[in-house]
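Opening the notebook on this one.

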Amino acid sequence: MGFDKYFAPTCVREHSYRYDSFDAKYKMLKYTRPIECQKCPLANDSLCQKVYKKEITDDLRRYTAPARGSVKWDEKIYRTKFH
Ligand SMILES: [Zn+2]
């Protein structure tokens, strides 16, 4: 599994996973498989996971909650900058 410029996981064909939610208790970011992958020939392969979880504490400089690059993250940055 690879990672895109926002450190979101990508599938074998380099589709970026979508940030879904953050589990505060376990400090886990949850990503779900992008819609593009439904047509992927590897969709039913074990290489292609439906959900990908990442512990935020693995790398605090890379991982934020909400996840970098997600809509929620954009909103947070926007609020910080302009309000
Ligand atoms: Zn894919």
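**Fold**

The order along the sequence is β-β-β-β-β-α. Ground rules for myself: this is a predicted model, where local features need pLDDT of at least 70, side-chain atom pairs count only at pLDDT 80 or more, and totals for chains, interfaces and linings use all residues. Residues are numbered from 1 along each chain as its sequence is written, and side-chain values use heavy atoms, with hydrogens and water left out.

The C-alpha trace spans about 45 × 25 × 20 Å along its principal axes. Of the 83 residues, 29% come out buried (under 20% relative accessible area; exposed is over 50%, partly exposed in between; 1.4 Å probe, protein chains only). I also looked up contacts (heavy atoms within 4.5 Å): among those with a separation of 6 or more, 38% join residues 24 or more positions apart.

**Zinc site**

Which protein atoms are the donors of the zinc ion? I find Cys11 (SG), His15 (ND1) and Cys37 (SG), at 2.3 to 2.5 Å from the ion. The donor cut-off is N, O and S atoms within 2.8 Å of the metal (3.2 Å for Na, K and Ca), and water is not among the atoms, so sites may look incomplete. The spacing along the chain reads C-x3-H-x21-C. Cys11 sits in the loop between strands E2 (9-10) and E3 (18-23), and Cys37 in the loop between E4 (28-32) and E5 (51-55), so the pair ties together parts 26 residues apart in sequence. Both are buried: Cys11 has a relative accessible area of 5%, Cys37 of 0%.

Beyond its neighbours within four places in sequence, Leu29 contacts, among others, Tyr19, Phe22, Tyr52, Tyr63 and Ala67.

Gly2 is in strand E1 (residues 2-3) and partly exposed, with a relative accessible area of 27%. Not counting residues up to four places away, Gly2 touches Ala8, Pro9 and Thr10. Its C-alpha is 16 Å from that of Asp59, 57 residues along the chain.

Methods. Helices (H or I, at least four residues) and strands (E, at least two) are DSSP runs, numbered from the N terminus.
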